[in-house]
Amino acid sequence: QVQLVESGGGVVQAGGSLRLACAASGGSFTNYGMGWFRQAPGKERRFVAADNWRRGSTYYSDSVKGRFTISRDNTKNTVYLQMNSLKPEDTAVYYCAGRHYTGSAYNYWGQGTQVTVSS
């Protein structure tokens, strides 16, 4: 069973940066595609970014493209989300998720970390 633990959330002023980290354990990290999602108060959880390490591909929602970067360190079993030029509308709980390459769904989720961007 894969466990995911996020860290790095906090409060930042608009225009600032944060880097989220998600440490994975309990599985072979390189067998999983990793993603980041976020949920703002009163709204549904939405896709932010994802990687397909085997293909060397990354994917982003239009709202964060050019500002956020997903990356991973397979030696540390960790995926990161570098967030630059943050906006108040980026305020949300951010979740990392894992998807085994043999499946299509994200079956493993972290507990979430709060990101608050003040104007």
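The structure is a predicted model, in which local features need pLDDT of at least 70 and side-chain atom pairs count only at pLDDT 80 or more, while totals for chains, interfaces and linings use all residues. Residues are numbered from 1 along each chain as its sequence is written, and side-chain values use heavy atoms, with hydrogens and water left out.

**The largest pocket**

- The largest pocket has a volume of about 280 Å³, where a pocket is an open set of points on a 1 Å grid over the protein atoms alone, at which a 1.4 Å probe fits, with protein on both sides within 12 Å along at least five of seven lines. The volume is the space filled by probe spheres set on the points, which are joined across faces, edges and corners.
- The lining consists of 17 residues, and Arg38, Ala40, Arg46, Ser63 and Glu89 lie nearest the centre of the pocket; a lining residue has an atom within 4 Å of a point.
- Strand 4 (32-39) and strand 5 (46-52) each supply at least two residues of this lining, and strand 5 gives the most, with three residues; strands are DSSP runs of E, at least two residues long, numbered from the N terminus.
- By type, the lining divides into five nonpolar, four polar and eight charged residues, where Asp, Glu, Lys and Arg count as charged, Ala, Val, Leu, Ile, Met, Phe, Trp, Tyr, Cys and Pro as nonpolar, and the others, Gly among them, as polar.

**Aromatic pairs**

- The whole structure holds five aromatic pairs, meaning rings of Phe, Tyr or Trp (its six-membered ring) whose centres lie within 6.5 Å, with planes under 30 degrees apart counted as stacked, over 60 as edge-to-face and the rest as tilted.
- Phe37 and Phe47 form an edge-to-face pair, 5.7 Å centre to centre with 75° between the planes; because Phe37 lies in strand 4 and Phe47 in strand 5, the pair ties together parts that are ten residues apart in sequence.
- Phe37 is buried, with a relative accessible area of 11%, whereas Phe47 is partly exposed at 34% (buried is under 20%, exposed over 50%, partly exposed in between, with a 1.4 Å probe and protein chains only).
- Phe37 also forms a tilted pair with Trp109, 4.9 Å centre to centre with 55° between the planes.
- Ring pairs link Phe37, Phe47, Tyr106 and Trp109 into a cluster.

**Charges over rings**

- Arg45 lies over the face of Trp109, at 4.6 Å from the ring centre, and Arg72 lies over the face of Phe29, at 4.5 Å; this requires NZ of Lys or CZ of Arg within 6 Å of the ring centre and within 35 degrees of the ring normal.

Definitions and conventions
Helices (H or I, at least four residues) and strands (E, at least two) are DSSP runs, numbered from the N terminus.
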